[in-house]
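Visitor: I have just opened this structure and would like to learn how to read it. Could you walk me through it, one feature at a time?

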Amino acid sequence: MRRRQFVLASGIGAVAALSGCLGSDSSPPPRKSSVITNFEMQSGSLVIDLVDDPWLMSRYDGNQGSAGMLSPVGIASAKGKNGGGGGRGATGRGSGSYSSAPRTGHGYAWYHGGGYADDWYDDHDDDVTRYQVAIATLGIAYLGSTAQMQDDAPDAGAVPWDKTFRNPSGTVEYDVSGRSGISQDGWYRVGANVMDADGNHNFRWECFDLEIDSGIGDGFNIDEEWKVSPRI
């Protein structure tokens, strides 16, 4: 693919368009990436398997300087009612569309994904570059109960993290059973802050929202796994 050569538009609307927060059917789809391969529960801990060679697709061009830093995607306050963000594709999470949601290559329900996304990438293959990246920080946070997610699910991006891991690799474990009382069951977000391989550009956060319920055996099950990416 050829790296996109383009001129940044000016004004507030342009910044919103870059962030993918306009919420219309003409919004670009979520960016494609591969950063986490698997989640599972073992003895009360959430086990997170990281990709050996993570990558993502972006319209960022190295000649733009720090254009990516203009985008508000990844700010902790970015939220939307009932799944947030608008646009096409599955918006689910707390709202019950998991079984019919489109799936990513790793099998996650794809937030705002779907057939239109593949069409968009086919039409813009000259505009997009695949970047090798590194995970600078992995964050994990409790988001709330299913009812809370139905009322106010966070959109793509960072949230106030309960625990972070710097420069993680291989496998990361988070003790769900160690959380106090009622805040063990419910929705969790796992976010990967990704940088380009040289550490010169911050691509912000690729996130995954997981519904974890009490079960049998080790005590917990993962009921739903959603990939929540900013729009490309």
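Guide: Gladly! Keep in mind that this is a predicted model. Let us begin with a salt bridge: D209 pairs with R93, and their closest N and O atoms are 2.7 Å apart.

Visitor: Where in the chain do D209 and R93 lie?

Guide: D209 is in strand β8, while R93 belongs to the loop between β2 and β3. The pair links distant parts of the chain, 116 residues apart. Both D209 and R93 are buried.

Visitor: How many salt bridges does the structure hold?

Guide: There are six salt bridges. One of them joins E206 to R31, with 2.4 Å between the closest N and O atoms. Here E206 comes from strand β8 and R31 from the loop between α1 and β1, 175 residues apart.

Visitor: Are E206 and R31 buried or exposed?

Guide: E206 is buried, at 0% relative accessibility. R31 is buried as well, with a relative accessible area of 7%. Salt bridges can also share partners, and in this way R31, E206 and K227 are joined into one network.

Visitor: Which residue forms a salt bridge with K32?

Guide: That is D118, with the closest N and O atoms 3.0 Å apart. K32 sits in the loop between α1 and β1 and D118 in helix α2 (residues 115-123), so this bridge ties together parts that are 86 residues apart in sequence. K32 is partly exposed, at 26% relative accessible area, and D118 is partly exposed too, at 37%.

Visitor: I would like to move on to aromatic rings. What describes a pair of them?

Guide: A pair of aromatic rings is described by how far apart the centres are and by the angle of the planes. A search of the whole structure finds 11 aromatic pairs. Take Y60 and F203: their ring centres are 5.7 Å apart and their planes are at 85°, which makes the pair edge-to-face.

Visitor: Why does the pair of Y60 and F203 tie together parts that are apart in sequence?

Guide: Y60 lies in the loop between β2 (45-58) and β3 (109-110), whereas F203 is in strand β8 (residues 202-214), so the pair connects parts that are 143 residues apart in sequence. Y60 and F203 are both buried. Another edge-to-face pair is W120 with Y121, at 5.3 Å centre to centre and 80° between the planes. W120 is buried, with a relative accessible area of 13%, and Y121 is buried at 9%.

Visitor: Which residues form an aromatic cluster with F39?

Guide: F39 forms one cluster with Y108 and F208. Rings can have charged neighbours too. The charged end of R130 sits over the ring of W55, 4.1 Å from its centre, and R103 lies over the face of Y98, 4.5 Å from the ring centre.

Visitor: What about nonpolar side chains in general?

Guide: In soluble globular proteins, nonpolar side chains tend to be buried together. In this model, the largest nonpolar core has 28 residues. I36, F39, L46, I48, L138 and V190 have the most contacts inside it.

Visitor: Which elements give two or more residues to this core?

Guide: They are β1 (33-42), β2, β4 (129-144), β6 (171-175), β7 (186-196) and β8. The largest share, five residues, comes from β4.

Visitor: Where should the predicted coordinates not be read in detail?

Guide: Where pLDDT is low, the coordinates should not be read in detail. The mean pLDDT of this protein is 80, and 74% of its residues reach 70 or more.

Key: Residues are numbered from 1 along each chain as its sequence is written. Side-chain values use heavy atoms; hydrogens and water are left out. Rings of Phe, Tyr and Trp (its six-membered ring) pair if their centres lie within 6.5 Å; planes under 30 degrees apart count as stacked, over 60 as edge-to-face and the rest as tilted. Helices (H or I, at least four residues) and strands (E, at least two) are DSSP runs, numbered from the N terminus. Buried means under 20% relative accessible area, exposed over 50%, partly exposed in between (1.4 Å probe, protein chains only). A charge sits over a ring if NZ of Lys or CZ of Arg is within 6 Å of the ring centre and within 35 degrees of the ring normal. A nonpolar core is a set of buried Ala, Val, Leu, Ile, Met, Phe, Trp, Tyr and Cys residues joined through side-chain atoms within 4.5 Å. pLDDT is the predictor's confidence in each residue, from 0 to 100. A salt bridge is a side-chain nitrogen of Lys or Arg within 4 Å of a carboxyl oxygen of Asp or Glu.
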